[in-house]
Amino acid sequence: MALASHAIDFRAVGQVFATESGPLTALDDVNLTIAQHEFVAVLGPSGCGKSTLLRLSAGLMLPTTGQVSVFRQPVTRPRDDVGIVFQQATLLPWANVLDNVTFPAKHKRGRVGSEDRERAAEVIAAVGLKGFEKRLPAELSGGMQQRVGIARALFLNPDILLMDEPFSALDALTRDAMGFELLKLWQASPKTVMFITHSIPEAVLLADRVIVMSARPGRIIADMAVPLGRPRDERALRAPEVQDFAAHLRELLIAKEPAS
Amino acid sequence: MSASAETQAKSPRAEPTRKPFSLPLSERMIAMPLVLPLLTFAVILVLWETSTRVFSIPSFILPAPTRIIEGFGAVTPARWSAHVWATLRVALIGYLVAIAVSLPIAIGLAKSRLLSRAFYPLLVVIQSVPVVAVAPIIIVVLGTDDAPRVVITFMIAFFPLVVSMTTGLMATPPELIELSRSLRAPQYREITQIRLPYAIPYIFSGLKISVTLAVIGAVVAEFVAADVGIGFFIQFSTSMFRLPQAWAGLVVLVAMSLILFQAVSLAQRLFFPWSLPRERR
């Protein structure tokens, strides 16, 4: 029943931005359904409207045409059951880890209660930052900062987690480690995840399904299940059928790269 | 000690006894931030003193540092403190008024493109008016008590504040604004909990510029109309041809500006250490 219920629905969604050089079509006729507790990676070149897809789901913008629904309700404004992790951790530099994680409570309700602090301790431990509660962001590495960003998104216990290239600012080793950590988190407490990335290995490692988008205007050109069971480890990634799958994704992306 | 380090460095046999990472003299001087400028200042003072004596420069052209020190004695300490207090009071009140006025203006400019389009050019026009030229008009309009002097100080001090505050309020990462919107938090909290704290480094650079400008503003106002204050004292002294004591007044003004500037820097270090680059915390 869980898999049957729709978490996010895009119906014939188009997005046009007004720019100085005329209208720019970011998304064109996007149809996509993400089931509850599904982990979907959206893969595409820069400027293909991946982030627009995420912001539409978050209710931070409304589509020019078509309709976006979350749990079968049309999205008309930001929702409480959606958490966002950005490309940069974008923490508050003056607040320590604990205050950054509880910031959504302070910002939304104006106060941080004791149950908020308990919840924060929970998510901080979940992302492996126990003992760092009093550190300022500047005292943390890039990977640890993004862990705080993830903890902040998990703090309000959203049903849907929207991640906008969350590991792209990290070095390759940290990036792999964070990927596995995210899988662990997701398996411990399943959520619907929309994971924007331009990294094929990352998409294959993390997702149940990979959506491939073309560059401007952003269209869905492929929607494929990842041929990998769970739990996953590095060895599984080296299996020949997984390698073939990754190669196929690469071909799709290269074919759609505009000739320069 | 430095000499022995130099000789040891030259002799290869002395290498094992040499301290690891011993730096050349020039770099060690750079590492001591106060020594070098004080040394430069002392050298300039000595050159100044000797040249005024050797070339017998008259004190109304350039008084020797020792004559300037004598100039401090021309007036009683009670009179000095009256002058200092008058200037300091006008500078500080004008400064505080400038802060109080520029903050809401900056918030308006940062939040609304309409307001920014409508008012920014006007602010630039106001800033382009030479305050020294308007000062006599303001004095006539507002009378001769503190009010016109505060207004003149305010006019000189407020523009850098508006610019730095507006820039700072717009420097917030757009993701944090999106986070705020996604939480559907009240609008004012976006200002108080995100934009304003983010603007702190910018605000303080404006505060540092403006605090020295406020002293200039107070002095300009005193030049035009005052019977007390360091600006008045300098003008009065020069009109009486007592140049060493005018120079003494100038030294007091420089000291006042420096102390105010350092006070603002200290406030930033004490209350907002995170807003400073790491090595200056």
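The entries below go through chain A and then chain B.

**Model.** I note at the outset that I am working from a predicted model.

**Sheet in chain A.** I looked up the strand order and found an open sheet of 4 strands in chain A, arranged E2-E1-E4-E5 with antiparallel pairing. E2 and strand E5 (73–74) of chain A stand at the edges with a single partner strand each, so one side of each has no neighbour in the sheet. I then followed one pairing in detail: strand E1 (residues 6–19) of chain A runs antiparallel to strand E4 (residues 65–70) of chain A, and 5 bridges join them.

**Positive phi in chain A.** His37(A) is not a glycine, yet its phi is positive, at about 70°; the residue sits in the loop between strand E2 (22–35) and strand E3 (39–43) of chain A. Is His37(A) buried, partly exposed or exposed? His37(A) counts as partly exposed because its relative accessibility is 31%, and the partly exposed class lies between under 20% for buried and over 50% for exposed.

Glu165(A), also a residue other than glycine, has a positive phi near 45°, and I found Glu165(A) in the loop between strand E7 (160–164) and helix H6 (172–188) of chain A. With a relative accessible area of 9%, Glu165(A) is buried.

**Helix H6 of chain B.** I turned to a nonpolar surface patch of about 340 Å², which is made by Leu115(B), Phe119(B), Leu122(B) and Ile126(B). Of these I looked up Leu122(B), which belongs to helix H6 (residues 113–128) of chain B and, at 45% relative accessibility, counts as partly exposed. Arg117(B) lies in helix H6 of chain B as well, and its 62% relative accessibility places Arg117(B) in the exposed class. I also noted a separation: Arg117(B) and Ser205(B) are 88 residues apart along the chain, and 24 Å lies between their C-alpha atoms.

**Helix H10 of chain B.** How far does helix H10 (residues 187–224) of chain B span between its end C-alpha atoms? The span is only 45 Å, whereas a straight helix of 38 residues would span 56 Å at 1.5 Å a residue. Looking along H10(B) for a bend, I found a kink of about 50° at Ile200(B), shortly before the proline Pro201(B).

Key: Residues numbered from 1 in each chain as written. Chains lettered and ligands numbered in written order. Predicted model: local features only at pLDDT ≥ 70, side-chain atom pairs only at ≥ 80, totals over all residues. Heavy atoms only, no water. Patch = residues over 30% accessible without salt bridge, like charges linked within 9 Å, V, L, I, M, F, W, Y side chains within 5 Å. Areas by Shrake-Rupley, 256 points an atom, 1.4 Å probe, with all protein chains shown as cover. Salt bridge = Lys/Arg side-chain N within 4 Å of Asp/Glu carboxyl O. Helix = DSSP H or I, 4+ residues; strand = E, 2+ residues; numbered from the N terminus. Buried < 20%, exposed > 50% of the residue type's maximum accessible area, 1.4 Å probe, protein only. Expected span 1.5 Å × (residues − 1). Bend = angle between axes of the 7 residues up to and from the residue. Pairing = 2+ DSSP bridges.
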